[in-house]
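Here is a note for a colleague who is meeting this structure for the first time. Please read the points below with the sequence and the model side by side.

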Amino acid sequence: MTSIWWIRRDFRLSDNPALVAAAALGAVVPVFVCDETVDDLGAAPKWRMGLGLAHLIARIEALGGRVILRSGAASEVLLELAKEVGAKGVYWNRLYDKAVIARDTAVKSTLKTAGIEAQSSNGHLCFEPWTVETKTGGYYKVYTPFWKTVRERDVADVLAVPKVTWPQAWPESEALSDWQMGAAMQRGAKVVLAHCHIGEEAALARLDAFIAQHVEAYKAKRDFPAEPVCSGLSENLTYGEISPRRIWHAGWHAMETGAAGAEHFLKELVWREFAYHLLYHEPDLPHRNHREGWDGFEWRGENDDAEAWRRGRTGVQFVDAAMREMYVTGVMHNRARMIVASFLTKHLLTDWRIGRAWFEDCLIDWDPAANAMGWQWVAGCGPDAAPYFRVFNPDGQAEKFDADGAYMRAWIAEEQARPSETSLSYFAAVPKSWDLSHQDIYPEPIIGLKEGRERALAAYARLKT
């Protein structure tokens, strides 16, 4: 018998329930479908997805298999391919954002109507969103009780790489290069590529290195962006190059053996789970205010200040350093994410959805749930946002978490006698139309921090009246 493994965001062979299910049935035909959910991705995540897919293709080819690439509506593509290869079933790992759930529901209906088994599995989370309930039967809207609930649960063991057999004949495939998944990155692709860690092997090495070298100090040093103590695994989790279950078990073992920062590391992993819990129960989380009464808040739409923020030219060094870090590396330190989001939504009173969209375009670890929840949390309209009126002071945050200025110097080149290579690489990555040079004069702050804070607090006060 032949089965189809529909690859989505599970670019790995180990701990892959869909692959295990497909392999148990017989010969496996792996397929990746480029449909609207791929085409609609921002520049950086779409480019990074292409890199991860190319790596997986090469790995499967080294094992004697192939990955069939098809473009079009998933229901039509999968039905046609199943008929071509005589597949009895199509297997995939679930995802949870609104557009994907709608697509997958349509795919299941189409396949089952044709007499083809359609089976989805949990390969993207430790805890399925509908399995975690409050004592009254609802879903959690606050993180801490969610954490306390799932902390007591067992997490399924990691699955071994299954023995896979391939079909004797292969159907036709499109060429990955024809999809031009990195076209929108333009000259920035070369710069960001140097900071990527692509594939399952790189992800496993990252996890091992983190547990061996950094988990002990994680809680104490994780808020200092110049300290290399974070795992970096968000990039690999995004594309399923490593499973959350594997990370959970590694972190749990470290906690049981006394690593001081291990439990906090697990809490960060569960923060991602909480984001998906909310996204599943609130499908419009990326676009609609979570808290009632916030639709009338006086955020600004597009404005020149927001453009200065995007370009890392606000004149506030911690903010600009973080924005440039993202543009060069495709990621941003978590403490820095909170600071730049607070600055945009509070000091600049700009709608959080503008910031969310920019992150969606620039982050190689962009995640539909974590990105949406993070922006709403900082803006004040999201879950667990207490106090909602908190305004981060970027200079105060710099004094606390970058006292020697190492992080800011690493990313701000203007007016430095010897700019760092990372700070100079920003000017090699940005569009030429921005007309930026490291020889430019660094700008004055576009708003006084005290003035911006007072304006934000006044707006919050008016919201309550």
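1. A residue is called buried here when its relative accessible area is under 20%, and exposed when that value is over 50%. The model itself is a predicted one, and the points that follow should be read with that in mind.

2. With that cut-off, both R48 and E241 are buried, and their side chains meet in a salt bridge of 2.7 Å, taken from N to O. R48 belongs to helix α3, whereas E241 sits in the loop between α11 (234-238) and α12, so this pair ties together parts that are 193 residues apart in sequence.

3. A second salt bridge joins R245 to D15, with the closest N and O atoms 3.0 Å apart. Because R245 lies in helix α12 (residues 244-256) and D15 in the loop between β1 (2-7) and α1 (17-25), the pair links parts that are 230 residues apart in sequence. R245 is buried at a relative accessible area of 8%, and D15 is buried at 0%.

4. R310 and E302 also form a salt bridge, at 2.9 Å between the closest N and O atoms; here R310 counts as buried at 10% relative accessibility, while E302 counts as exposed at 54%. The whole structure holds 30 salt bridges, and R8, D35, R103 and D104 are linked in a network of them.

5. Helix α3 (residues 43-62) packs with helix α17 (residues 352-362) at an angle of about 25 degrees, and the two are therefore roughly parallel to each other. The contact involves A43, A44 and P45 of α3 together with E360, D361 and C362 of α17.

Key: Residues numbered from 1 in each chain as written. Predicted model: local features only at pLDDT ≥ 70, side-chain atom pairs only at ≥ 80, totals over all residues. Heavy atoms only, no water. Axes fitted to C-alpha atoms, helices over the stretch in contact; angles between N-to-C directions. Helix = DSSP H or I, 4+ residues; strand = E, 2+ residues; numbered from the N terminus. Parallel < 35°, antiparallel > 145°, perpendicular 65-115°, else oblique. Contact = heavy atoms within 4.5 Å. Salt bridge = Lys/Arg side-chain N within 4 Å of Asp/Glu carboxyl O. Buried < 20%, exposed > 50% of the residue type's maximum accessible area, 1.4 Å probe, protein only.
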